[in-house]
Amino acid sequence: MQQMVVDGVDIYIEGEGAETIVMMHGWPDTYRVWDAQVAELKQRYRCVRFTLPGFDITKPRRSYSLDATMRVLLHIVNSVSKKEKVILMLHDWGCVFGYEFYMRNKAMVSAIVGVDIGDAQSKATARSRSVGQKLMVSGYQSTLALAWAIGGPVGTVMTRTMARVLGAPSPREFISSGMNFPYYILTAGAAGSYSSLVPFVPKVPMLYIYGVRKPFMFHSPQWTENLAAKEGCKVVAMETDHWPMLRQPERFNDVVTSWLEKPASAEEAPEEDAA
């Protein structure tokens, strides 16, 4: 394993493949969420992962605006890409940041693997949710925003409790209120607001994998239908919760490797696991 530090972020690189996969996790995870994927993919690809800026419990607590996050991601990709296009593998907030990175730096990305987050902030997704589902989303996001504002041991206890309630698999020792700043920015309209996010429209091949065993989706039905109809793109529904790469790593890895080796044709329908 190679290691480097870029803008205070620890970068881990494994594999010697010709193509580089840059992996970005979400809440309340760290770079470790991709362990099973790196173990499989490093035989053929160069796998790059890191804990998102502001999410590392060993680093000073800091809130990153959207532009600040994009600057760090650009520095990281430039440092590891060897001047070649990279594949993005993204989950949760990693999707939000990774999709925005792609929209700002399209010439740097050759393909995208998005996990469980599609057009999460769109009006179409909002319309697809019931009142109860909207209340659930607002409830957990507001709680995490409050935990960030409180900070300290109390904020971390609140964060770990919410992670347990939501069934998050990340080890408790890596979870702190510091990784909640995106929710504070999102719900409080704080400095660095995400209102400037560019609508995500992929022009490169994209694989979208999502879990169906959760109380609400992070995409609209129209979004997955449109994506699946695009040449080179594919949509796969798995019988898991929000973390398919951890719940069914072998199945997840099989889907990813087969797609990377032979991107889907436009005629393929979305796949679903047997119930």
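These legends describe close-up views of a predicted model.

**View 1. Helix α3 is mostly covered.**
Helix α3 spans residues 93-104, twelve residues in total. From its first C-alpha to its last, α3 reaches 17 Å. That is close to the 16 Å expected at 1.5 Å a residue. Eleven of the twelve residues are buried. Among them are Trp-93, Phe-97, Tyr-99, Phe-101 and Tyr-102.

**View 2. Strands and helices cover α3.**
What lies over the buried residues of α3? The cover includes the strands β3 (20-24), β5 (86-91), β6 (109-115) and β7 (206-211). It also includes the helices α2 (66-80) and α7 (181-188).

**View 3. Helices α5 and α6 cross at roughly 160°.**
Two packed helices are described by the angle between their axes and the distance between the axes. Here the pair is α5 (residues 131-150) and α6 (residues 152-165). Their axes come within 7 Å and cross at roughly 160°. An angle over 145 degrees counts as roughly antiparallel, so α5 is roughly antiparallel to α6. The crossing is left-handed.

**View 4. Residues of α5 and α6 make the contact.**
On the α5 side, the contact is made by Tyr-140, Thr-143, Leu-144, Leu-146, Ala-147 and Ile-150. On the α6 side stand Gly-152, Val-154, Gly-155, Met-158, Thr-159 and Met-162. Which classes of residue make up this contact of α5 with α6? Eight are nonpolar and four are polar. No charged residues take part.

**View 5. A cis peptide bond joins Trp-27 and Pro-28.**
Most residues other than glycine have a negative phi, and most peptide bonds are trans. The bond between Trp-27 and Pro-28 is cis, with omega about -10°. Pro-28 lies in the loop between β3 and α1 (35-41).

**View 6. Asp-7 has a positive phi.**
The phi of Asp-7 is near 50°, and this residue is not a glycine. Asp-7 lies in the loop between β1 (2-6) and β2 (9-14). Is Asp-7 buried or partly exposed? Its relative accessible area is 42%, so Asp-7 is partly exposed.

**View 7. Asp-92 has a positive phi.**
The phi of Asp-92 is about 55°, although Asp-92 is not a glycine. Asp-92 is found in the loop between β5 and α3. Buried means under 20% relative accessible area. Asp-92 has a relative accessible area of 8%, so it is buried.

Methods: Residues numbered from 1 in each chain as written. Predicted model: local features only at pLDDT ≥ 70, side-chain atom pairs only at ≥ 80, totals over all residues. Heavy atoms only, no water. Helix = DSSP H or I, 4+ residues; strand = E, 2+ residues; numbered from the N terminus. Expected span 1.5 Å × (residues − 1). Buried < 20%, exposed > 50% of the residue type's maximum accessible area, 1.4 Å probe, protein only. Contact = heavy atoms within 4.5 Å. Axes fitted to C-alpha atoms, helices over the stretch in contact; angles between N-to-C directions. Parallel < 35°, antiparallel > 145°, perpendicular 65-115°, else oblique. Left-handed = near helix turned anticlockwise from the far one by under 90°. Nonpolar A, V, L, I, M, F, W, Y, C, P; charged D, E, K, R; others polar.
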